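Q: I am new to this structure and would like to learn how to read the packing of its helices. Could we go through it step by step?

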Amino acid sequence: MSKIFHLRRVASLYFNQFSVFTFLSILVHQSFIALSVYASIKLIRSINGFKIDENNFNFWLVVYVVSMVLPHVAASLSDVFNQKWICGVFKVFWLSSVDRYKASTSPFVKGEPLGVLSSQGKEIISDFIGYISFGTSAFLNFFLSLIVISVFVDARFIISIAISAVLVVLIKYLVSRKLEAFALRVSESGSGLVSLLSLTHDNTHHGSRVSYAYFIKKLKNKIDVYLASRVKEEVFQSSVMLIIAFASLMPTTLLVLYILLKTGVGVGIKLAIVINLTRIYQLLNSATEIVSIVISFSSVKGRLKMLSCFAKEIEKPAFSFNDNVRLYKGEKLFDQNELTPKESGRFSLKGKNGSGKSTFLKAFRDKYDAIYFNPSFKVMYPWEEVSSSSLSDGQYSKKCILWLLSHTKGPLLLDEWDAFLDQENTKTVNAEIEKAAKSRLVMEVRQ
């Protein structure tokens with residue numbers, strides 16, 4: 001079973017070589033920014049009154065300019081590596097989830113997994129990797145610059161941030177479960193909407209006004225539920241963010257005002273703060289971003305839980321003999337207990353509607369790896385010259401059966417194969433089935 005579908009192990013999937021390159025690029029980017037703060041402080045200290053230490057000043061001026069330019073190079077590389085990282089995870093997700101789809105879904109219900117596979121999964125993965133990348137950048141941006149300012153300007157910045165951290169942790173603890181529940185509800189309702197939208201073509205072109213009206217009614221309900229869940233999540237999350245913004249930003253803001261307004265504080269310190277005031281308030285914005293990242297973790301976790309739908313094991317009916325159907329070989333009743341995949345000949349399953357003929361064929365297929373065909377479902381075959389979707393139902397049925405008879409071996413299970421064939425084509429295909437049944441098992445259900 002692919003490890004992508006287990007939440008506690010999902011982190012190991014999301015990290016590949018490009019994730020490492022992304023993090024290294026982010027580290028270089030934010031290190032240059034912190035270096036620019038340090039260089040600005042050294043520039044101030046190189047000025048003593050009206051005298052300037054030319055060599056020292058020139059050196060730190062070059063460092064400052066370089067550290068303001070090079071982050072753009074690192075940021076560009078980070079974006080490229082980040083996209084390669086995302087694409088690598090997409091590939092693993094799609095291949096793993098398709099491989100698991102049969103075991104985790106019912107053949108009779110297009111539900112949550114289909115929506116996750118076709119739409120929601122891609123969005124969840126993009127958001128999660130974006131969350132990791134943005135979170136790493138914000139944390140490094142904040143803490144590297146904070147260390148420089150605290151060590152070389154005023155150590156009390158660490159205290160103000162510690163107070164903010166305590167408040168953030170407390171509020172996060174109080175709201176995390178509700179945020180996670182909101183996020184899961186949004187993802188589930190979105191998945192249901194995507195699955196229903198996938199039925200648009202059939203309901204638009206192949207139904208009646210009665211079926212179409214019911215489809216629209218169901219669709220409106222799904223849309224309303226999805227949109228309402230999104231709005232509720234955003235209202236709650238925004239309210240929490242507003243409260244936390246004040247709780248996290250006020251301690252540091254008050255400290256800045258205290259230092260700048262207090263008499264007796266060295267001019268050099270005040271000058272360093274004033275020159276880096278924009279940077280300090282960028283730190284405060286980074287603090288808000290960090291708060292957002294921490295608060296959003298529950299929402300991200302809730303969305304990631306959607307991927308676990310592929311880890312479910314749906315119980316499939318095991319192959320067993322069915323007393324409600326009769327098995328014939330030619331015109332003679334055949335004992336089901338004697339049926340094995342090594343048997344050759346043409347067998348017919350007969351019974352009332354709903355007696356389990358198709359279930360019998362599919363259970364036989366799953367147990368013995370037999371080949372199953374039902375013309376009601378247009379699946380893909382390795383035809384190079386034509387696409388299945390471009391064929392009519394009758395053309396598709398004929399082409400499939402003839403191809404299966406000539407290109408495959410082992411038991412062949414044909415479920416209402418003649419449903420879309422006219423009399424002439426039914427006669428042609430029937431003759432080919434009769435020939436093939438001399439050397440292989442062919443079990444069929446007829447219209």
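Q: At what angle do helix H4 and H5 pack, and how far apart are their axes?
A: Two packed helices are described by the angle between their axes and the distance between the axes. This is a predicted model, in which local features need pLDDT of at least 70, side-chain atom pairs count only at pLDDT 80 or more, and totals for chains, interfaces and linings use all residues. Residues are numbered from 1 along each chain as its sequence is written, and side-chain values use heavy atoms, with hydrogens and water left out. Here helix H4 (residues 112–152) and H5 pack at an angle of about 170°, their axes being 12 Å apart; axes are lines fitted to C-alpha atoms, for helices over the stretch in contact, and angles run from 0 to 180 degrees between N-to-C directions.

Q: Which way do H4 and H5 run relative to each other, roughly parallel or roughly antiparallel?
A: Angles under 35 degrees count as roughly parallel, over 145 as roughly antiparallel, 65 to 115 as roughly perpendicular and the rest as oblique. H4 and H5 are therefore roughly antiparallel.

Q: How close do the axes of H5 and H7 come?
A: The axes of H5 (residues 156–197) and H7 come within 9 Å and cross at roughly 170°, which makes H5 roughly antiparallel to H7.

Q: Where does leucine 255 lie, and is it buried or exposed?
A: Leucine 255 belongs to helix H7 (residues 209–261), and with a relative accessible area of 11% leucine 255 is buried (buried means under 20% relative accessible area, exposed over 50%, partly exposed in between, with a 1.4 Å probe and protein chains only).

Note on methods:
Helix = DSSP H or I, 4+ residues; strand = E, 2+ residues; numbered from the N terminus.
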